[in-house]
Amino acid sequence: ASSTSKEENDGDLQQQSSTIDHPLTVLESDDKNDTLTKLDDNTEDTSDIINHNNPIMDHDDDDDDEKEKERILLKFKKAVIATGGRPSIPSLSSSSSSPIPGIDTAPYVTNEQLFNLQALPPRMVILGGGVIALEMAQAFATFGSKVTVLARSRILSNGDDEAANLMKKIMQEEDNITFYSKTDVLEVETLRQPTLGGGEGGEESLPLMKVSIKSTESEEAITEELECECLLIATGRLPNVQNLGLEKANVQYDERKGIHINDLAQSTSNPNVYAVGDCVANVPRLTHMSGEMAKVVVQNALFEDEWKVSSLVVPACMYTEPEYATVGRVKFSDEKDEVDVYTTSLEHNDRAILDGDSNHGVVKICCQKGTDTIVGCTIVAPRAGEMINEVSLAMKYGIGLGQIGRNIHCYPTTGEAIMMCGLQFINARWKRLD
């Protein structure tokens with residue numbers, strides 16, 4: 001919990017902080033069933049006790065039995081929940097919500113353990129086709145691992161089809177990564193557990209697993225058995241909302257989505273509690289999104305502002321080679337989504353030609369049909385994460401694509417590709433000269 005408050009400049013901040021509305025007591029407990037209960041049923045405020053099985057106060061004493069329980073009283077007017085998220089270990093089977101057979105006992109890794117590897121795995125299988133999956137796939141392929149990516153639908157399934165196919169083509173041809181789309185994992189069999197110091201020369205011995213899959217990407221379904229020394233699960237993230245006593249604090253949440261907030265980042269059921277980051281429902285799970293939500297909470301809680309979460313224009317970038325960056329709506333399902341799409345390839349971009357990247361890039365900007373109001377953008381290019389910020393700024397402040405086309409860009413830069421999309425909008429409205 002953080003002591004943040006939503007009062008504005010018309011009150012004295014020091015005076016406000018001296019008024020305690022909601023004492024919160026945190027009590028260390030060995031009880032694994034964390035609870036949050038009333039401190040005193042006779043009190044009129046919401047005085048609560050959180051029993052947390054992770055000690056709030058650390059002790060240097062090595063003897064756990066002799067650790068003295070510490071009771072800490074935290075007093076606040078407003079609280080912030082920022083407990084983050086963790087990797088999800090779901091079933092990839094489209095026909096069952098039960099765990100993949102054998103996954104519980106398999107020595108798989110997530111992004112949290114991956115960087116603790118002491119040896120390069122000769123073969124890596126990755127479950128998932130999102131950003132973490134592809135970043136790690138390319139990195140380990142570059143190191144020398146033989147990498148196979150298994151996606152339940154397709155890679156980058158929430159993104160633009162053309163851009164996703166381009167990224168797949170590049171990673172297949174240049175990184176020698178194997179992709180299976182529309183894939184169910186049938187079973188994970190552990191053939192060998194890892195051993196510490198059990199390898200040659202006392203080195204760590206990598207595990208060995210066999211992943212059985214069924215892919216319906218082609219007309220005929222195929223089944224395969226893939227052996228690997230590293231199984232990376234990168235199938236999304238879950239919010240850390242369990243065992244916080246949120247029910248007793250009247251903070252509504254969904255175990256898979258997160259804490260429900262309103263547009264001011266307040267809990268929809270308890271406006272004295274705010275939430276930010278990966279523990280929140282229906283917001284992008286990005287580091288910079290968490291940082292921006294923290295700004296919103298500071299403004300709204302401490303200074304009685306009304307910064308709105310819905311006003312945030314949030315770009316995202318996948319740090320592969322080339323990079324893949326998006327902002328706004330980039331996937332449109334049918335003809336009812338009335339948009340005009342302006343596309344520029346890097347094929348004729350002089351900077352991309354000089355850098356040897358002319359075959360590796362595209363900029364797609366989507367506008368409301370018949371207007372230059374930008375609703376989304378996808379960029380595949382070196383430094384796409386730098387380029388997308390221009391479009392994000394335009395979307396945030398209502399700058400139209402035509403105005404971007406009239407903005408002078410340095411030559412030669414890959415950013416000129418964004419300007420070229422703006423020129424396409426302008427040129428499409430030229431009158432015919434008879």
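**Questions about strands, loops and cut-offs**

Visitor: What makes strand S11 (residues 208-215) count as mostly covered?

Guide: Of the 8 residues in S11, 7 are buried. Buried stands for under 20% relative accessible area, exposed for over 50%, and partly exposed for what lies in between (1.4 Å probe, protein chains only). The model is a predicted one: local features need pLDDT of at least 70, side-chain atom pairs count only at pLDDT 80 or more, and totals for chains, interfaces and linings use all residues. Residues are numbered from 1 along each chain as its sequence is written, and side-chain values use heavy atoms, with hydrogens and water left out.

Visitor: What is it that makes a run of residues a strand or a helix?

Guide: Both are DSSP runs, numbered from the N terminus: helices are H or I with at least four residues, and strands are E with at least two. By that rule the protein chain has 8 helices and 22 strands.

Visitor: What is the pairing of S11 with strand S12 (residues 222-228)?

Guide: These two strands are joined antiparallel over 7 bridges, and Ser-215 faces Ile-222 of S12. S11 and S12 form a hairpin, with 6 residues between them.

Visitor: In general, what holds the strands of a sheet together?

Guide: Backbone hydrogen bonds do, and the strands run either parallel or antiparallel.

Visitor: Why are strand S18 (316-318) and strand S20 (339-345) called edge strands?

Guide: The open sheet has 5 strands in the order S18-S19-S22-S21-S20, with antiparallel pairing. S18 and S20 each pair on one side only, which makes them its edge strands. On average, neighbouring strands of this sheet are turned by 10° against each other, direction ignored. Such angles run from 0 to 180 degrees between N-to-C directions, and the axes are lines fitted to C-alpha atoms, for helices over the stretch in contact.

Visitor: How do you know that S20 is paired with strand S21 (residues 362-368)?

Guide: There are 7 bridges between S20 and S21, in the antiparallel sense. Val-339 has Gln-368 of S21 as its bridge partner, and Thr-343 has Lys-364. S21 is mostly covered, as 6 of its 7 residues are buried.

Visitor: Which residue in the hairpin of S21 and S22 takes a positive phi?

Guide: Gly-370 does, with phi near 80°, and the hairpin has 5 residues between its strands. S21 and strand S22 (residues 374-381) pair antiparallel over 6 bridges, with Lys-364 opposite Thr-378 of S22.

Visitor: Are Leu-156 and Asn-176 buried or exposed?

Guide: Leu-156 has a relative accessible area of 7%, so it is buried. Asn-176 has 52%, so it counts as exposed.

Visitor: Which peptide bonds are cis?

Guide: Among them is the bond that joins Glu-321 and Pro-322, with omega about 0°. Pro-322 is in the loop between S18 and strand S19 (323-328). The bond from Tyr-411 to Pro-412 is cis too, with omega near -5°.

Visitor: What makes the nonpolar surface patch?

Guide: Leu-393, Tyr-397 and Ile-399 make it, with about 320 Å². Patch residues have over 30% relative accessible area and no salt bridge; like charges are joined within 9 Å, and nonpolar side chains (Val, Leu, Ile, Met, Phe, Trp, Tyr) within 5 Å. A salt bridge needs a side-chain nitrogen of Lys or Arg within 4 Å of a carboxyl oxygen of Asp or Glu.

Visitor: How many residues of the protein chain are buried, as a percentage?

Guide: Of its 434 residues, 44% are buried.

Definitions and conventions: Two strands pair if DSSP finds at least two bridges between them. Accessible areas come from the Shrake-Rupley method with a 1.4 Å probe; for residues, only the protein chains shown count as cover.
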